[in-house]
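Subject: Structure handover

Hello,

The structure is below, and my notes follow it. Please keep both together when you pass them on.

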Amino acid sequence: MKFSESWLREWVNPALDTQTLSEQLSMAGLEVDGIEAVAGQFHGVVVGEVVACGPHPDADKLQVTKVNVGGPELLDIVCGAKNCRLGLKVAVATVGAVLPGNFEIKKAKLRGQPSHGMLCSFSELGMADDSDGILELPADAPVGKDLRQYLTLDDVTIEVDLTPNRADCLGIKGLAREVGVLNKLSVCEPVIDAVVPAIDEQKAIVLQAPAACPRYLGRVIRNVNVKAASPLWLTEKLRRSGVRSIDAIVDVTNFVLLELGHPMHAFDLAKITGDIQVRMATADEKLVLLDGNEVSLQDNTLVIADAEKALAMAGIFGGLHSGVTAETTDIFLESAFFAPLAIAGKARQYGLHTDASHRYERGVDPELQRSAMERATALLLQIVGGEAGPVVEAVAAEHLPQKATISLTEQKLSRILGHAIAKSEVTDILSRLGLQVTEIDAGWQVSVPGYRFDISIAEDLIEEVARVYGYNNIPNVAPTAALKMRTFKEASLSVPQMRQVLVDRGYQEAITYSFVDPKVQQTLFAGQEALVLPNPISADMSAMRLNLWPGLLQAVQYNQSRQQNRLRLFEYGLKFIPDANAEGGVRQVPVIGGVIIGSLANEHWSIAERQVDFFDMKADVEALLALVSHPQAIRFTAAEHCALHPGQTAAVYVNDQLAGYLGALHPEAERKLGIKGKAYLFELELAALGERLIVEAQELSKYQANRRDLAIVVKSDVQFADIVASIKKVGANQLVDLKLFDVYTGQGVAEGYKSLAIALTLQDKARTLEDKDIQLVVNQVVSVLKDDFDATLRD
């Protein structure tokens with residue numbers, strides 16, 4: 001927002017220079033973006049009066065004038081401005097004056113006529129980029145007075161960059177209140193008296209959308225003179241605030257906008273049919289705006305309408321049809337409160353941004369409408385004349401913003417600021433901000449005025465106290481805090497360690513979207529229901545993943561199409577399972593998964609090339625599980641999974657709880673997804689893995705270990721994991737290692753059977769095992785295998 005410093009000082013005048021005032025505003029949160037002089041540098045320009053004006057004898061476009069500047073003689077000045085006329089008060093640059101650009105005025109002759117000065121325009125004085133004609137001064141301007149003094153041109157325009165929460169400062173009233181608070185000064189507000197109605201005419205107002213517009217005021221003003229010129233004081237205040245003068249009625253509404261921070265609008269009364277209706281637009285309703293552009297309104301847009309048509313987009317832009325023109329004689333003046341949420345985003349929806357929408361979407365004081373109406377009415381009657389009717393107000397009090405009441409304790413204020421401020425000073429600060437403050441034992445009870453939409457919690461009050469007290473006045477004291485060791489359960493699962501294990505085994509971590517292509521997901525998980533997004537980013541990202549594999553396989557396909565054929569990827573994240581019993585209807589399950597494809601090792605002349613297989617993947621999973629569980633608690637069993645190859649799929653159990661699956665990608669899915677080569681996948685649910693195995697130190701045996709090899713024959717469908725479980729029951733504490741070092745089928749072994757060569761390592765911690773002790777364990781192992789699996793020793 002731009003404003004004139006001299007205008008601000010009419011309300012409150014601190015003993016500060018411009019630079020200090022700007023710094024004070026910035027430190028209070030109203031950042032000053034720029035300071036600009038309201039006029040160029042010049043001197044020697046005075047107020048003059050044209051006492052004679054006639055055509056130049058030798059130039060059609062020039063006039064010869066005599067101008068009284070209060071001196072002993074009249075000045076002969078040749079002027080080319082069309083608006084130069086007898087009796088006009090003008091700005092006169094006398095001989096010796098220096099204008100912006102270091103342009104010195106000298107005596108001259110123009111087409112043979114003497115010219116001892118120059119009648120100046122706005123642009124020639126550096127007050128505008130361009131201008132039409134010379135500057136016209138009020139009739140009561142004192143002749144001979146220095147123009148800089150008369151127009152107070154030793155003034156600057158200050159531009160502040162307000163954050164969206166400080167809509168209360170989008171007017172001189174709010175800015176003056178802030179300056180008054182910061183400097184402990186009273187604010188001199190203009191007295192706004194109610195205008196006594198001269199006529200009884202009024203327009204009824206119907207609030208059809210009270211939640212969006214809970215208060216609307218209107219007033220009929222008849223017999224206005226739209227062609228009346230805006231006084232110079234008004235146009236100057238607008239100019240110095242960055243607003244162009246248009247006509248007297250628009251200038252007055254803009255003046256009230258800048259002064260009080262309240263937007264207003266005037267309609268041509270003759271173009272309104274019936275009562276005023278504040279309603280939502282109908283879909284595709286048409287409205288031609290003041291700039292001539294036609295918009296097709298959406299049904300979420302609030303409009304001001306009459307009985308037949310929309311007149312304006314409420315709080316945003318007026319309509320061309322109902323706008324004030326040069327032929328207007330009667331107007332309907334509105335002043336309304338529109339709810340911020342009803343206006344927010346609507347202007348951008350139509351590619352618009354106006355001063356009114358800028359304020360309404362941030363919040364306007366809900367108690368300011370009548371004051372704005374009376375202020376604007378008085379100014380209009382003063383400038384354009386006319387007779388005003390009574391103010392008609394429609395209000396839905398239940399929808400107006402309610403004043404917030406907040407409690408703030410001294411202890412909380414001191415703790416957050418890190419500095420104690422006297423209770424009486426805090427009360428004074430909050431009171432000067434316009435808040436109603438009641439001191440209580442613990443602190444303060446504060447009622448917030450309607451114009452402070454940004455204050456709703458105790459922390460907002462603390463912010464206000466801090467910025468008014470002055471951030472620079474709060475001492476720089478380093479906070480002291482006692483560090484307390486955080487409790488951490490050593491047995492808890494460590495995801496970073498799991499990541500590190502996979503990275504050490506040659507994997508790279510991938511991060512894929514939780515949104516996947518439903519077609520890809522159905523290829524892998526046919527018939528399984530997924531959570532479908534109502535507003536997806538795109539059609540191929542419209543379903544929440546049931547598993548990490550869709551994203552990982554798409555990453556594989558993407559890399560293969562770029563000649564990357566050896567891939568080892570893993571991902572940690574969530575999968576989303578529809579579940580009516582879960583919160584929000586979906587279970588979010590943390591999982592870790594991976595995929596491998598291509599050769600086992602990178603190409604090298606000393607390494608024989610081999611493609612990865614099921615057991616490579618199983619080894620990676622076992623390395624991962626070794627981190628979190630005791631080996632005896634882990635079990636792999638043959639299983640079936642819709643996304644995996646039948647016969648090459650295993651379920652992983654930890655402590656007899658299903659933790660996940662691993663195996664080869666199903667050939668049909670491999671074909672549909674365009675995967676080249678055999679891909680192996682795994683996924684484990686972290687919650688099923690249990691806690692980490694805590695290493696316990698044990699005494700090492702100082703006695704010799706002994707190895708015995710067994711070759712047994714069992715049926716082909718017997719799983720080695722079951723054999724291991726049986727042997728461990730017999731071996732007890734003396735069995736320290738067990739290895740399968742050969743599997744044989746063929747000659748010498750019956751069809752349907754296989755020969756397993758097993759190495760048993762036995763060792764005791766207390767003594768050296770004798771042959772009879774070792775043989776006893778071996779005999780027990782053979783006996784158990786015979787009983788459990790009908791195993792026999794191979795000849």
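Which residue in strand 4 is the bridge partner of Gly54? It is Val64.

Before the rest, some conventions. This is a predicted model, in which local features need pLDDT of at least 70 and side-chain atom pairs count only at pLDDT 80 or more, while totals for chains, interfaces and linings use all residues. Residues are numbered from 1 along each chain as its sequence is written, and side-chain values use heavy atoms, with hydrogens and water left out. Helices (H or I, at least four residues) and strands (E, at least two) are DSSP runs numbered from the N terminus.

Strands 3, 4 and 6

Two strands pair if DSSP finds at least two bridges between them. Strand 3 (residues 43–56) pairs with strand 4 (residues 59–68) in the antiparallel sense over seven bridges, and a hairpin of two residues joins strand 3 to strand 4. Strand 3 also pairs with strand 6 (residues 89–99), again antiparallel, over six bridges. There, Glu49 has Lys89 of strand 6 as its bridge partner.

Helix 4

Helix 4 covers residues 172–183. Its 12 residues reach 16 Å from first C-alpha to last, close to the 16 Å expected at 1.5 Å a residue (the expected span is 1.5 Å times one less than the number of residues). Of the 12 residues, 11 are buried, so the helix is largely enclosed by the rest of the structure. Buried means under 20% relative accessible area, exposed over 50%, and partly exposed in between, with a 1.4 Å probe and protein chains only. Among the buried residues are Lys173, Arg177 and Glu178. The cover includes strand 1 (2–4), helix 1 (5–11), helix 2 (18–27), helix 6 (248–260), helix 12 (423–432) and helix 13 (458–469). After helix 4 comes Lys184, with a positive phi near 55°.

Aromatic pairs and charges over rings

Rings of Phe, Tyr and Trp (its six-membered ring) pair if their centres lie within 6.5 Å; planes under 30 degrees apart count as stacked, over 60 as edge-to-face and the rest as tilted. The count by this rule is six aromatic pairs. One of them is Trp233 with Phe255, edge-to-face at 5.6 Å centre to centre and 85° between the planes. Trp233 belongs to helix 5 (residues 232–240) and Phe255 to helix 6, so the pair ties together parts 22 residues apart in sequence. Trp233 is partly exposed at 36% relative accessibility, whereas Phe255 is buried at 1%. Phe267 and Phe332 form a tilted pair, 6.5 Å centre to centre with 35° between the planes. This pair links strand 15 (residues 265–268) to strand 22 (residues 331–337), 65 residues apart. Phe267 is buried at 0% relative accessibility, and Phe332 is buried at 0%. Trp7, Trp233 and Phe255 form one aromatic cluster.

A charge sits over a ring if NZ of Lys or CZ of Arg is within 6 Å of the ring centre and within 35 degrees of the ring normal. Arg635 lies over the face of Tyr653 at 4.7 Å from the ring centre, and Arg707 over the ring of Phe741 at 5.4 Å.

An open sheet of seven strands has mixed pairing and the order 28-31-32-36-35-34-33. Its edge strands, strand 28 (508–509) and strand 33 (634–638), each pair on one side only. Strand 32 (residues 586–597) and strand 36 (residues 679–685) run antiparallel and are joined by seven bridges; Val591 has Glu685 of strand 36 as its bridge partner.

Regards

Terms used:
Contact = heavy atoms within 4.5 Å.
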